[in-house]
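Welcome to this guided tour. Open the model in your viewer, keep the selection tool at hand, and follow along stop by stop.

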Amino acid sequence: MAMETRLSLRQSQRVVMTPLLQQAIQLLQLSTLELQEVVQKELLENPLLEEVPTEAPEAPETPDSPQAPEPPPPASQPVEPSPVDKERATDDLPFDLPAVMFDDDHQERSLVAQEERDDLPFENMVRSESSLTDHLEEQLRFSTTDPVIRRIGNEIIGNLDDDGYLRAEPSEIAQRCDVSVEEAERVVAMVQGFDPPGVAARSVQECLLIQLKSDPNPDPVSVEIVEQHFEDLSRRRYPDIARALKLPLDRVMESVEEIMGLEPKPGRRFGGNDSRYIVPDVVVHKMGSDYVVVLNEDGIPRLRVNSLYRSLLRTAGDEARQYVEQKLRSAVWLIKSVDQRQRTLRKVTQSIVKFQREFLDKGLPYLRPLSLRDVGEDIGMHESTISRVTTNKYVETPQGLFELKFFFHSGIASDGGDMVSSVSVKKMIQDLLANEDPSKPLSDQEVAQILKGRGLVIARRTVAKYREELGILPSHQRRLAPKRR
């Protein structure tokens, strides 16, 4: 078989992800605060970018000024086309330079900037969870008016770790508060009676005992196992416990199951003191019977290209011209990318408002299932773009503050052929289990049957999945520990 080497030409097409295109995609995913940081950084690094003064709404007219005055135009107008043409010929800019830099963009942005909107309520921007310390101090204030007991109680609460365990000896607390050890012990016992059950314990064994004894009718077998056979319990030596207690193994296992349902870290459900402040990227206002989408552009500077540097394109030497062209390309692309991000965000939000109008009017039960593809087909964009735009963005609506991703979820079919949002189904399950009889908790199958009676076609396995996502225990654990749900 003969082999030969030869040269040949072949044409092919491929998509190249340029750095500028990557920058545009990254801008889509940024929140408003992150976008502000990026724009401010570019303003510092790129001399061709400048911020349009807010007190000069006629700023877009600045590019017209060199054309309006009579003396300069004759010299500048014939010269202007040639550098731009040369620039396109050599650098092949993928956009219309004059259209991007001046009138059109600035006019669009000025309309958005001039939209009237009310200040957002500050309480809607903060999401704070009550800390364990706040929760206990509130109970302490309602428990006693004695200043000495309050001082000791505050000292005890201040020495709890994140899990709710007391990390100081009563003798140390007594010494700091200048009281007797017995008095400190009494206040420790008082704090141990606070919610959550098991708080201020000094060991896991004490924590479990406090929880068991907080029940008005504690199971004596469970209490004895924790008190007398905790070592065997921790090592899972259940037959040994059954022999020691002279009880059937099944009876011991019933108590073990109850103990396993207890919370070994009572402070776990409290979030601590970390508050998360959220500034909505979009605000939806109700104006009469319609909803108006307003972008939150507070803090995002309006950008334009510095005309002085632009004039250097016509007069500077090759080296300076090359530098200015590079910075000009970067500046124009940033202006265009920011504007494209804002327009895309507005379109996506308007589409979401269109799909979720009933939710905005009536609340959570009317939230409808929605997919990225639905919105993408509605506004003519790919669903990956919708995913990027809705990432890390929040919208303020008449129903509250939500992440844009909140509006996208699956649905459950109903008898009538309509789809019911999974969020609404979870709310139904949560309401059903909240109102059940604690002595006869509803099983997942019973919940599925009740929802079926309401016209929802849902499997038991789906109910179990939603229940776990809601953080609700199975029915047998809820029956054993009804107060610890």
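Which residues have the most contacts inside the largest nonpolar core? Select Val284, Val348, Ile352, Val375, Val395 and Phe407: they are the ones with the most contacts in this core of 24 residues. Before you go on, keep in mind that you are looking at a predicted model.

**Stop 1: around the core**

Now colour the elements that give two or more residues to this core: strand S4 (282-287), strand S5 (290-295), H17, helix H18 (357-362), helix H19 (372-379) and H20. H17 gives the most, with 5 residues. As a general point, nonpolar side chains tend to be buried together in soluble globular proteins.

Next, centre the view on Val395. Leaving aside neighbours within four places in sequence, Val395 is in contact with Pro280, Val282, Val284, Thr349, Gly400, Leu401, Phe402, Leu404 and Phe407. Apart from this core lies another one, of 21 residues, and Leu136, Ile156, Val187 and Ala200 are among them.

**Stop 2**

Switch to a cartoon view and find the open sheet of 4 strands, where the order is S5-S4-S7-S8 and the pairing is mixed. Which strands are at the edges? They are S5 and strand S8 (400-403), and each of them pairs on one side only. From one strand to the next, the twist averages 25 degrees.

Walk across the sheet, starting with S5 and S4. These two pair in the antiparallel sense over 6 bridges, and Met287 stands opposite Asp290 in S5. S4 and S5 form a hairpin with 2 residues between them. Click on Gly288 in that turn, where phi is positive, at about 70 degrees.

Step on to S4 and S7. Do they run parallel or antiparallel? They run parallel, joined by 2 bridges.

A hairpin links S7 to S8 through 2 residues. Pick out Tyr394 and its bridge partner in S8, Glu403, then Val395, which stands opposite Phe402 in S8.

Stay with S7 for a moment and show its side chains. Both of its faces are covered: Tyr394 and Glu396 are buried on one side, and Val395 and Thr397 are buried on the other.

Finally, show H17 together with the sheet. H17 lies across S4, S5 and S7, and runs at about 155 degrees to S5.

**Stop 3**

Select helix H1 (residues 19-29). Here Gln23, Ala24, Leu27 and Leu28 are buried. Why are they on the same side of H1? They cover an arc of only 145 degrees around the axis, so they share one side of the helix. An α-helix has 3.6 residues a turn, so residues three or four places apart point the same way. To see what covers the buried residues of H1, show helix H2 (32-45), helix H17 (318-355) and helix H20 (383-389), which are included in that cover.

Move on to helix H15 (residues 249-260). At 1.5 Å a residue, its 12 residues should span 16 Å, and its end C-alpha atoms are 16 Å apart, which agrees. In H15, Val252, Ser255, Val256, Glu258 and Ile259 are buried. They cover an arc of only 160 degrees around the axis, which places them on the same side of H15.

**Stop 4: details in the loops**

Select Asp178, in the loop between helix H9 (170-177) and H10. Its phi is near 60 degrees, a positive value in a residue other than glycine. Is Asp178 buried or exposed? With 70% relative accessibility, Asp178 counts as exposed.

Now go to the loop between helix H10 (181-192) and helix H11 (204-213), where Pro196 lies. The peptide bond from Asp195 to Pro196 is cis, with omega near 5 degrees.

Ala200 also lies in the loop between H10 and H11. Its phi is positive, at about 70 degrees, although Ala200 is not a glycine. Ala200 is buried, with a relative accessible area of 0%.

Methods. Residues are numbered from 1 along each chain as its sequence is written. This is a predicted model: local features need pLDDT of at least 70, side-chain atom pairs count only at pLDDT 80 or more; totals for chains, interfaces and linings use all residues. Side-chain values use heavy atoms; hydrogens and water are left out. Buried means under 20% relative accessible area, exposed over 50%, partly exposed in between (1.4 Å probe, protein chains only). The arc is that of the directions from the helix axis to the C-beta atoms. Contact means heavy atoms within 4.5 Å. A nonpolar core is a set of buried Ala, Val, Leu, Ile, Met, Phe, Trp, Tyr and Cys residues joined through side-chain atoms within 4.5 Å. The expected span of a helix is 1.5 Å times one less than its number of residues. Two strands pair if DSSP finds at least two bridges between them. Axes are lines fitted to C-alpha atoms, for helices over the stretch in contact, and angles run from 0 to 180 degrees between N-to-C directions.
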